[in-house]
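Please read them alongside the coordinates.

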Amino acid sequence: MKTKETGKKTLHTERVYVKVNSTFDYIGYCMPKSIFWPDGREFRIDEVKDYRPASMLLDGKNGDCYTVVVRGEERFLYFERFCDADSARIGRWYVECSKKTAGTQNNLRRSHHIF
């Protein structure tokens, strides 16, 4: 969990690991296409506006940060890379959202927020 100062309020955020459908172009660039929330909802990515290495944002872990547009709103989508060369797992995707949005499955079903 992270804490972000937003004016006078403190916003508590939490990582939510998600499934992401993505494609790779012929050069090898990864392009995320849609995000699947843990409760099964799918959010189509309308646009990828930016990509950058994000090791500092990932608590010292290697990773990437994509600025994506979902339903007209900019969001950050992170890819956390694993360094174990002997594993078939290369990494996992997550988003950061407020603890209220990230809460229980019941809250997720009732929430109309994207994340």
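1. Glu-74 has a relative accessibility of 47% and so counts as partly exposed, a class that lies between buried (under 20% relative accessible area) and exposed (over 50%), with a 1.4 Å probe and protein chains only. Lys-49, at 46%, is also partly exposed. The two side chains form a salt bridge with an N to O distance of 3.0 Å; the term stands for a side-chain nitrogen of Lys or Arg within 4 Å of a carboxyl oxygen of Asp or Glu. This pair links distant parts of the chain, as Glu-74 is in strand E7 and Lys-49 in strand E5 (residues 47–53), 25 residues apart. Strands here are DSSP runs (E, at least two residues), numbered from the N terminus.

2. On the source: this is a predicted model, in which local features need pLDDT of at least 70 and side-chain atom pairs count only at pLDDT 80 or more, while totals for chains, interfaces and linings use all residues. Residues are numbered from 1 along each chain as its sequence is written, and side-chain values use heavy atoms, with hydrogens and water left out.

3. The structure holds eight salt bridges in total. One of them joins Glu-80 to Arg-15, with the closest N and O atoms 3.2 Å apart. Here too distant parts of the chain are linked: Glu-80 is in strand E7 (residues 73–81) and Arg-15 in strand E2, 65 residues apart. Glu-80 is buried, at 2% relative accessibility, whereas Arg-15 is partly exposed at 21%.

4. Asp-50 is partly exposed, with a relative accessible area of 34%, and Arg-52 is partly exposed at 26%. As for shared partners, salt bridges join Arg-15, Glu-80 and Arg-92 into one network.

5. Tyr-51 is placed in strand E5 and is partly exposed, with a relative accessible area of 41%. Its side chain makes a polar contact of 2.8 Å with the side chain of Asp-64 (a pair of N or O atoms within 3.5 Å; within protein, one must be able to donate a hydrogen and the other to accept it, and residues adjacent in sequence count only if both atoms are side-chain atoms). Leaving aside neighbours within four places in sequence, Tyr-51 is in contact with Asp-64, Cys-65, Tyr-66 and Arg-81, contact meaning heavy atoms within 4.5 Å.

6. The largest nonpolar core has 16 residues, of which Val-18, Ile-35, Trp-37, Leu-77 and Trp-93 touch the most other members. Such a core is a set of buried Ala, Val, Leu, Ile, Met, Phe, Trp, Tyr and Cys residues joined through side-chain atoms within 4.5 Å. Two or more residues each come from E2, E3, strand E6 (63–70), E7 and strand E8 (91–98). Beyond four places in sequence, the contacts of Trp-93 include Val-18, Cys-30, Tyr-66 and Leu-77.

7. Tyr-26 lies in the loop between strand E2 (9–24) and strand E3 (30–36), and is exposed with a relative accessible area of 80%. Together with Ile-27 and Tyr-29, Tyr-26 makes a nonpolar surface patch of about 460 Å². Patch members have over 30% relative accessible area and no salt bridge, with like charges joined within 9 Å and nonpolar side chains (Val, Leu, Ile, Met, Phe, Trp, Tyr) within 5 Å; areas come from the Shrake-Rupley method with a 1.4 Å probe, and for residues only the protein chains shown count as cover.

Definitions and conventions:
Helices (H or I, at least four residues) and strands (E, at least two) are DSSP runs, numbered from the N terminus.
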